[in-house]
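Here is a short briefing to read with the structure open beside you.

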Amino acid sequence: MEPIKITLASNVEGWGTMMNGQLEIALARSDRVQLSGFVPGYTQKQREAAQKLKITLYDAKPHCGFDTNERLSHPPDDLEIDLLMMHSYGRHVGKQAQLIVDAKKCKWVLVVHTISKELEKYLKVVASSSKYQESEHELQVNLCEKADLVLAVGPQVAEAYKDALRPRGNQDKVITLMPSIPKEFFGVDQHVRGSHFQVLLSASAKYFEIKGCDIAAKAFMKLEDPSIHLLLVVKEGDDTAALKEAMVKEGISKEQLTVRQFSGTDQGWRQLLCEVDLLIKPSKTEGFGMSGLRAIAADLPVLISENCGLGIALKRLPFGDMYVVDSQDPQVWAERIKEIKEKDVKICHLEVEQLKKEYKEANNWEYQFNSLLDKFSRIVQPLKYGVQETPKTDT
C-alpha cells in the first residue's frame, strides 16, 4: 500500500520537545509513512537532525510582516499532505491547522498536552477581560471537535477532553497516548551521595504555583535539614532572581536553594540527572510531567503529585504508588523526601528499575504506535482511494 504522507507541523520551539520527538522518530522509521516537517524559520541544527532521519523540513511561504507562529498558517505550495499532525500549545500554536487543512484538503490529527481550564485556576488572568471571544479552554475544545482525531498525552488530559467532547458526541475521537520511556537517558551516571542530598525541581516563574514551587519551599522549611538541597531549573531567559526571592519568601533558606537557567536539551538533562538524588513534581496540575519520565529512565527516584498525568499512570502500576504523593501538604512532601534520603542508594535505584520495567510493559510504545498507524490509514482512505469508511476509534 502507498505510504501515508504525514506532515508534522510546529513552530521552532515545539519541534524539539520530547513528545514531538518520540512521534517524529517513530514516524520517520516506519515504511508505512512518508514523513515531512513544516517548521517556519527552522534552524540549521534542526534541519541537520531531520536529514539524519530522512525527513524533509519545509519553510512557510515568504510573506512579509508575519511572525513564525503566524507563518504556520501558510504552508508552501509544493508540500503534499495526506495527514497533518499538529501539537496544540495554548492560543498560539495549533489553531493554524484549520487553514492548512483548508489549503491542502488533508486530514488532521491534533495533539493536546494540557488542560487549560485547570491552569487558569492558578494564573492571574481574568477570562472576561480577554480580547478573545472564547477562553483558551474553549478554543482547545473547539479545535478538538474540528480535528479528525485527537491524541491526548496521558490519562488526565485524555479524560478531560473526552468529558468536554461528550456532550457533543465526539468523545470517541480522543485517543490516549502514553509517552515511552526515553532511551536517551538510559545509563546516566548515578550521583554519588555526599554531604548533601540533592533534589531537582523543574520550575517556572510564570507557573510558580502550578508547578508547586510554593509547596516545595514550605516542605524544605519543615525538613529543618540543611544537608538537603534543592536545585530549581528554569528555561533560559526566565528571571532566576525573582524566582529565588519568591521561593525564600515561601520558607526555604537561601543556603538550601540554587536556581539555574537550563537549555532543556537532552545533553543538559543528562548532566542534571547526574547531579541529583531525587526529582520531585509537587504540581497542583500538570498534563503529564515528562521530566519525571526522564528521571525514571535514568533510574533516579521520583516523587510525583497525583495531580500530574504521570502520577495517575504510576498509581496504576504495582510498584508505582510509592512514588506518588496524594497531598498538597508540605509536611507530607517533607516526610516523603526524608524517607528517600534515608533509604539505601542501591535499593533506591533497584526499585526505580522495577518501576521502569512496569511502565514499559503497561505502556508498550510499539503497540501504541502500530495502532495509531492503523487509525491513520482508515482516516485517509477516503482521500487516497475514494473509500467511504467511517473511521474506527478506540482507546
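pLDDT is the predictor's confidence in each residue, from 0 to 100. The chain averages a pLDDT of 91, and 95% of the residues score at least 70. This is a predicted model, in which local features need pLDDT of at least 70 and side-chain atom pairs count only at pLDDT 80 or more, while totals for chains, interfaces and linings use all residues. Residues are numbered from 1 along each chain as its sequence is written, and side-chain values use heavy atoms, with hydrogens and water left out.

**Confidence**
- Over residues 388-395, pLDDT stays under 50, and the model has 15 contacts (heavy atoms within 4.5 Å) beyond four places in sequence for this stretch.
- Where pLDDT is low, the predicted coordinates should not be read in detail.

**Helix packing**
- Helices here are DSSP runs (H or I, at least four residues), numbered from the N terminus.
- Axes are lines fitted to C-alpha atoms over the stretch in contact, with angles from 0 to 180 degrees between N-to-C directions.
- Helix α9 (residues 213-223) and helix α14 (residues 330-342) have axes that come within 8 Å and cross at roughly 65 degrees.
- On the α9 side, I215, K218, A219, F220, K222 and L223 meet P330, Q331, W333, A334, I337 and K338 of α14.
- Helix α12 (residues 290-297) and helix α15 (residues 345-362) cross at roughly 120 degrees, their axes coming within 9 Å.
- From α12, L293, I296 and A297 meet V352, L355, K356 and Y359 in α15.

- A cavity is a set of points on a 1 Å grid over the protein atoms alone where a 1.4 Å probe fits but cannot get out; lining residues have an atom within 4 Å of a point.
- The whole structure has 1 cavity of 30 Å³ or more.
- Q190, H191, R193, V276, D277, L300, P301, V345, C348 and H349 line the largest cavity.

Note on methods
Helix = DSSP H or I, 4+ residues; strand = E, 2+ residues; numbered from the N terminus. 1 Å grid on protein atoms, 1.4 Å probe; cavity = no way out; pocket = protein on both sides within 12 Å on 5 of 7 lines; lining within 4 Å. Points joined across faces, edges and corners; volume = space filled by probe spheres on them.
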